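Q: Please go through the labels used for this model. For each one, what is it based on?

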Amino acid sequence: MRITQASQLLPPVQRGEQLTVTINGQPVTAFAGETVATVLLAEGRRVFRHTLKNGDPRGLFCGMGICYDCLVTVDGAPNIRACITLVTAGMVIETHSEMRL
Ligand code: FES
């Protein structure tokens, strides 16, 4: 779910061009200027991956590229930080949340 208006006192949120990306094989609407993490959260996904050692869930934590908790696969490239990667039209995003090693 995306915010459409932050407050009655503020103008409606303006978004970039509408795009379609794929998350785990499902087409999803995104907007230019959004990060991969934004799109995942807007789609209700809180777990992006699980830790290798204990299988603990990880998702957005620092939100600024420092912690590496938000790693996903983008267009076949593994270990991309979702919080600092902007979506592009046709991008293929795979979370590791369904994968257990
Ligand atoms: S949430 Fe910390 S690097 Fe992305």
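A: Helices are DSSP runs of H or I with at least four residues, strands are DSSP runs of E with at least two, and both are numbered from the N terminus. On that basis, the protein chain reads β-β-α-β-β-β-β-β from the N terminus on. It has one helix and seven strands. This is a predicted model: local features need pLDDT of at least 70, side-chain atom pairs count only at pLDDT 80 or more, and totals for chains, interfaces and linings use all residues. Residues are numbered from 1 along each chain as its sequence is written.

Q: Why does the radius of gyration of the protein chain agree with a compact globule?
A: The radius is taken over C-alpha atoms, and the globule rule is 2.2 Å times the number of residues to the power 0.38. For 101 residues, a compact globule would come near 13 Å; the protein chain has 14 Å, so the two agree. Along the principal axes, the C-alpha atoms fill a box of roughly 45 × 25 × 20 Å.

Q: What makes Asn24 buried, exposed or partly exposed?
A: A residue is buried with 20 or more other C-beta atoms within 10 Å of its own, exposed with 12 or fewer, and partly exposed in between; C-beta atoms are placed from the backbone. Asn24 has 18 C-beta neighbours inside 10 Å, so Asn24 counts as partly exposed. Asn24 sits in the loop between strand 1 (18–23) and strand 2 (26–31). Its phi is positive, about 50°, although Asn24 is not a glycine.

Q: Which class does Tyr68 fall into, and why?
A: Tyr68 has 13 C-beta neighbours inside 10 Å, so Tyr68 is partly exposed. Its place is the loop between strand 4 (57–58) and strand 5 (71–74). Tyr68 also has a positive phi, near 65°, in a residue other than glycine.

Q: How many of the residues in the protein chain are buried?
A: Buried residues make up 19% of the 101.

Q: What makes a set of residues a nonpolar core?
A: Its members are buried Ala, Val, Leu, Ile, Met, Phe, Trp, Tyr and Cys residues, joined through C-beta atoms within 7 Å. The largest such core has 14 residues; Val36, Ala37, Val39, Leu40, Cys70, Val72 and Ala82 touch the most other members. Helix 1 (36–42) and strand 5 each give two or more residues to this core. Helix 1 gives the most, with four residues.

Q: Which residues does Val39 contact beyond its neighbours within four places in sequence?
A: Contact means that two C-beta atoms, placed from the backbone, lie within 7 Å. Val39 is in contact with Val21, Val28, Ala30, Glu34 and Val87.
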